[in-house]
Amino acid sequence: MATVSTTAKAGSIDAIQQRLNERIEDLLASLPEIDGLSADERRGMIARYSAVLEGNFIYWMTGAYLAAKSEEAHAIILENLHEEVRDSHPGMMRRFALAAGAAPTDTDAAAVYEGLTNVRLFVGRLQAVPIIVMEAFFEGWIQRFMAYLEELARRQGSTEWEYTQVHGVCDVTHTRELYRALEREQDMANGAAESEDLLEGVDLLETLIRKIVAG
Ligand SMILES: [Fe+2]
């Protein structure tokens with residue numbers, strides 16, 4: 001991971017975006033074939049995903065907002081938070097899990113506890129640039145993961161698609177804006193971010209996602 005981080009630190013926004021896209025592709029390629037999963041494995045994956053996302057996404061975005069210093073980043077993150085709360089994305093997430101018979105249990109929460117705690121503590125350090133890099137990685141990932149998540153739920157007998165349809169849209173403008181916010185935050189950090197590991201949040205979130213998938 002150290003080599004990867006150094007590359008990104010020295011690189012431009014384009015280099016970071018390219019690096020994140022590669023990480024997303026690797027992660028997608030590592031997903032198990034759905035045909036080979038048992039009903040219990042499908043349920044577990046939806047439940048662990050839900051245990052992480054329902055109560056934490058807004059927290060992560062709020063951390064990004066508190067850490068950011070630029071007007072552009074604040075405006076972009078605020079718009080995202082507004083949508084999350086106004087349209088009750090946590091409510092959507094819960095309906096999705098319930099309809100698939102996959103509401104998280106204590107065991108599901110325990111499986112992701114350590115990985116989730118590490119991401120929470122990282123966000124709590126309020127380092128704007130690495131948090132926004134993590135958000136950009138997450139945004140890219142979730143869009144690509146939704147078709148897989150939806151298929152898991154379909155095979156569990158669900159017909160509730162609001163969550164996956166809302167989050168599976170590739171929003172080119174939003175993604176571009178997020179990278180613009182990142183660029184502004186890097187400018188404002190004015191070299192201060194040099195000592196930060198830009199991909200620390202990405203590493204932690206990827207570990208958590210792998211735990212969601214594998215249990
Ligand atoms: Fe959302």
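Select residues 39-67, helix α3, together with residues 71-86, helix α4; in this predicted model the two helices pack with their axes 9 Å apart, at an angle of about 160 degrees. Because an angle over 145 degrees counts as roughly antiparallel, α3 is roughly antiparallel to α4. The crossing in which α3 passes α4 is left-handed.

Next, display the side chains at this contact. On the α3 side, select Phe57, Ile58, Met61, Thr62, Ala64 and Tyr65. Their counterparts in α4 are His74, Ile77, Leu78, Asn80, Leu81 and Glu84. Colouring the contact of α3 with α4 by class gives eight nonpolar residues, three polar and one charged.

Now hide that pair and select residues 13-29, helix α2, and residues 128-155, helix α7. At what angle do the axes of α2 and α7 cross? The angle is roughly 40 degrees, and the axes come within 10 Å. Helices α2 and α7 are therefore oblique to each other.

From α2, select Ile16, Leu20, Asn21, Arg23, Ile24, Leu27 and Leu28. These meet Val133, Ala136, Phe137, Gly140, Trp141 and Arg144 in α7. By class, the contact of α2 with α7 consists of nine nonpolar, two polar and two charged residues.

Finally, clear the selection and show the whole chain. Which kinds of element does the chain contain, helices or strands? There are 10 helices and zero strands, and the order from the N terminus is accordingly α-α-α-α-α-α-α-α-α-α. The radius of gyration of the chain is 17 Å, close to the 17 Å that the globule rule gives for 215 residues, so the chain is as compact as a globular protein of that length.

Orient the view along the principal axes: the C-alpha atoms of the chain then fill a box of roughly 50 × 40 × 30 Å. Among contacts with a separation of 6 or more, 87% are between residues 24 or more positions apart.

Definitions and conventions. Residues numbered from 1 in each chain as written. Predicted model: local features only at pLDDT ≥ 70, side-chain atom pairs only at ≥ 80, totals over all residues. Axes fitted to C-alpha atoms, helices over the stretch in contact; angles between N-to-C directions. Helix = DSSP H or I, 4+ residues; strand = E, 2+ residues; numbered from the N terminus. Parallel < 35°, antiparallel > 145°, perpendicular 65-115°, else oblique. Left-handed = near helix turned anticlockwise from the far one by under 90°. Contact = placed C-beta atoms within 7 Å. Nonpolar A, V, L, I, M, F, W, Y, C, P; charged D, E, K, R; others polar. Rg over C-alpha atoms; globule rule 2.2 N^0.38 Å.
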